[in-house]
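Let's take a friendly walk through this model, one region at a time. Have the coordinates open as you read.

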Amino acid sequence: MKKAPLFYSLLPLFCAFQLAAQSTFTDLNQNGRKDPYEDASLPLADRLADLLPRLSLEEKAGLVVGMGMNIPGIIELQQEEKVPGAAGSTFPVPSLGIPSIVLADGPAGLRIEPTREGAGDKTFYCTAFPVATLLASSWDVELAESVGRAMGEEVKEYGADILLAPGMNIHRNPLAGRNFEYFSEDPVLSGYMSASVVNGIESNGVGTSIKHFVANNQETNRMMVNAIVGERALREIYLRGFEIAVKAAQPWTVMSSYNKLNGTYTSQNGELLNTILRDEWGFEGLVMTDWLAGDDPVAQMKAGNDLIMPGNPGQAKAILEAVKNGSLEESVLDANVKRILSIVLQSPAFQGYAYSDKPDLAAHARIARQAAAEGTVLLKNNGVLPLVQKGLKIAAFGNGSYAFVAGGTGSGDVNEAYTVSLVQGLENAGYPVDAGMKAAYEQYIAKEKAKLPEKKFFFELLPPIPEMPLSEAAAAAKAKETDLAFITIGRNSGEFQDRTEAGDFYLTEAEKDMIRTVTQAYHAAGKKVAVILNIGNVIETASWRDMADAIVLPWQGGQEAGNALADILLGKVNPSGKLPTTFPLRYSDTPSADNFPGEELPGATEEKIGAISRGKASEVVYEEGIYVGYRYFSTFGVKTAFPFGFGLSYTDFSYENLSLNNEAFDGPLTVAIDIVNTGTVAGREAVQLYLSAPQASMDKPALELKGFAKTKLLQPGERQTLQFTLTVKDLASFDPKRSSWVADGGTYIVKIGASSEDIRAIGRFTAEQEIVVEKTYKVLVPGQEIDEMRSTGGSR
């Protein structure tokens, strides 16, 4: 078959292919038969072996570099967009029938342009699903997989091939701007929820990209920061969730992160991408960069970072020249190209899938609503909820009651057709709110929105609208006229900036005054107040929670958030969400508070790519080590506002008949427990298995999550037996001295709980002697000594 000339001369021909009807790219040879690489019935390895020699060196260099992105003045698009608004695409080789595949954001659903020139009234809206933190709050892997299936269907039907999701970095610090995109502070919960989302998406025959690999736990100087992390903290906290997801789901791709890790950019770190990801974990897919990450395309090839995104011709040229001058072996480039082609050959684009541009958005909205309700967390309830009285007169306070935040900004955003607010959700359910208050807020919000500046960049997060001033007299008047008050506190965050303590983690003075004024007025009238937290990140609650009669945490619930919240408030759905991250009493209680987000290096200056800031050279030292989230609070006895795993219900559950199938560990151990609904309404319970390990050779947290399960909907009096399996890896901690996962000999305590601080049943088993579970390579060693926190022998 005829080969193409130098790769950028292929673009006009490629565009003709892309804009033609959705026919297959497959060419037939002169005998009318497919070439071996085109034959889907052959093993993938055989197809790749046939295809690779057909490529010119120029084509190979093109394939490992993306085709740009449409950001005027910053990144140029090298070809016409197949799916407007997608994040990027790969290099095509039309003469061989190799299409460009489309990569699109993101973690809460597909993000593409909702309207297009020449499309008339046709729209391309996508479903805004609940943010990852809310999904994790459901503790329901089956639900997560169903959300993934719906996401994947939209990816496929809108013509994309890979969804750049899920995000699974750890909630190291509550000020991290993108925590809403990530699941949890715990790697086990994060890993299994992520694997379920991956399996759901990829069941459609499209791909995912789990991200950001690894230790990308802040937005401040994210492209320039050097994260200095100890070997044990890396293995047990920051790598563990990715390890679980890779082994449980084998995602098509992994996205390396922006930051340096112990001195080297992750996209240029062969110890991370080759030694750990591929050699130790058996990852079979491709690795791509985050957009504009790293600073050396040749080093990225050598490190096993196969695809550079969004890509520019200069990077392909540098790789081509490196092969020609001998500084990059062609065999290394071949390995990168084969991994890319292995994904391309599986893609809808290669198969000529006739996408419809008509996914089932109505069905997906129902799934989004279900997920948003299942992940809502009831934090407090003093006889307020559920609302069972018909004809209640309700007043809604707070800007957020009328303008819900569906999800955060940046690549985690979705262009959805609508977002249902609290007020709309209540009205849809037949509970209209006070008309006068509604009119005042809507007028105020419209006026304040008109004052906001234009975005300088499409990912920019505009400042929030200040809360509408509320007088004591106005609150008192509404307390007389209505039966109940809702107050919504809203928060938004996203890419490029972390949150602040003042006015974000802590409430603004206006928000505090609003809560104080409304609760005093309603309590004086003998009436109650519920606070709604429409937030994507942890906030401080301890200073005001006693004023509220109920606190409901619906997080950022996607486009159906208000309807889902109404389902919870009215008792149509019994809340069963539980916290995937700890709410501290104060920010200073957070174990990383002293070192987040690090320090700029002496003499560092800001670097930019057009209008995009790369930040300044800086470093952050993870001095808390393994003591992240509840591992710290439980081990050091630090009180929390609401602990990890906490969440209330409208019913009660008892935990009965804990059993272990063996008192001595000699292989996988089965733990069983009965969960009984002892209340008066149907409900579900998220049950958590923690393990306390002996400290024979290493410092250990007081307890660690090792498993979780959620009951079915249990009717009053109904019981369900849940089973968990503990493997030898679950017993082990990582010993940097031996580069091994080691399970100490001694007594292990199984703790079954409703939260990390509410343990309902305890069992024990023993390991007769130390077990070296797994030997690893000695890699990713920090170049400096870290004064890490310890539970014994002092705080450091």
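## Around helix 9

Just after helix 9, Gly282 adopts a positive phi of about 80°. Helices (H or I, at least four residues) and strands (E, at least two) are DSSP runs numbered from the N terminus. This is a predicted model, in which local features need pLDDT of at least 70, side-chain atom pairs count only at pLDDT 80 or more, and totals for chains, interfaces and linings use all residues. Residues are numbered from 1 along each chain as its sequence is written, and side-chain values use heavy atoms, with hydrogens and water left out.

At the start of helix 9, a side-chain oxygen of Asn269 comes within 3.1 Å of the backbone nitrogen of Glu271. Within the helix, which spans residues 270-280, the buried residues are Leu272, Leu273, Thr275, Ile276, Leu277, Arg278 and Glu280. Buried means under 20% relative accessible area, with exposed over 50% and partly exposed in between (1.4 Å probe, protein chains only). Their cover includes strand 6, helix 7, helix 8 (240-249), strand 8 (253-256), strand 11 (286-288) and helix 12 (330-344).

## Nonpolar cores

In soluble globular proteins, nonpolar side chains tend to be buried together. A nonpolar core here is a set of buried Ala, Val, Leu, Ile, Met, Phe, Trp, Tyr and Cys residues joined through side-chain atoms within 4.5 Å. The largest one has 83 residues, and Phe213, Val214, Val229, Tyr238, Leu239 and Leu705 touch the most other members. Helix 6 (residues 187-202) makes the biggest contribution to this core, with 7 residues. A second, separate core has 77 residues, among them Phe180, Val377, Phe404 and Ile535.

## Cavities and a pocket

Where is there empty space? Rolling a probe the size of a water molecule over the atoms shows this. On a 1 Å grid over the protein atoms alone, a cavity is a set of points where a 1.4 Å probe fits but cannot get out, while a pocket is an open set with protein on both sides within 12 Å along at least five of seven lines; lining residues have an atom within 4 Å of a point. Grid points are joined across faces, edges and corners, and a volume is the space filled by probe spheres set on the points.

There are 13 cavities of 30 Å³ or more, and the largest cavity holds about 250 Å³. Of its 24 lining residues, Tyr258, Asp290, Trp291, Phe459 and Glu495 are the closest to the centre. Strand 1 (68-71) and strand 6 (207-213) each provide at least two residues of that lining.

The second largest pocket has a volume of about 630 Å³. Among its 23 lining residues, those closest to the centre are Arg232, Pro736, Lys737, Glu788 and Arg790. Helix 7 (residues 231-238) gives the most to this lining, with 3 residues.

Ser592 sits in the loop between strand 17 (583-584) and strand 18 (599-600). Is Ser592 buried or exposed? Ser592 counts as buried because its relative accessibility is 0%. Beyond neighbours within four places in sequence, Ser592 is in contact with Arg172, Asn173 and Glu624.

Thr635 belongs to helix 20 (residues 630-636). A polar atom of the Thr635 side chain lies 2.8 Å from the backbone nitrogen of Ala702.

Conventions
Contact means heavy atoms within 4.5 Å. A polar contact is a pair of N or O atoms within 3.5 Å; within protein, one must be able to donate a hydrogen and the other to accept it, and residues adjacent in sequence count only if both atoms are side-chain atoms.
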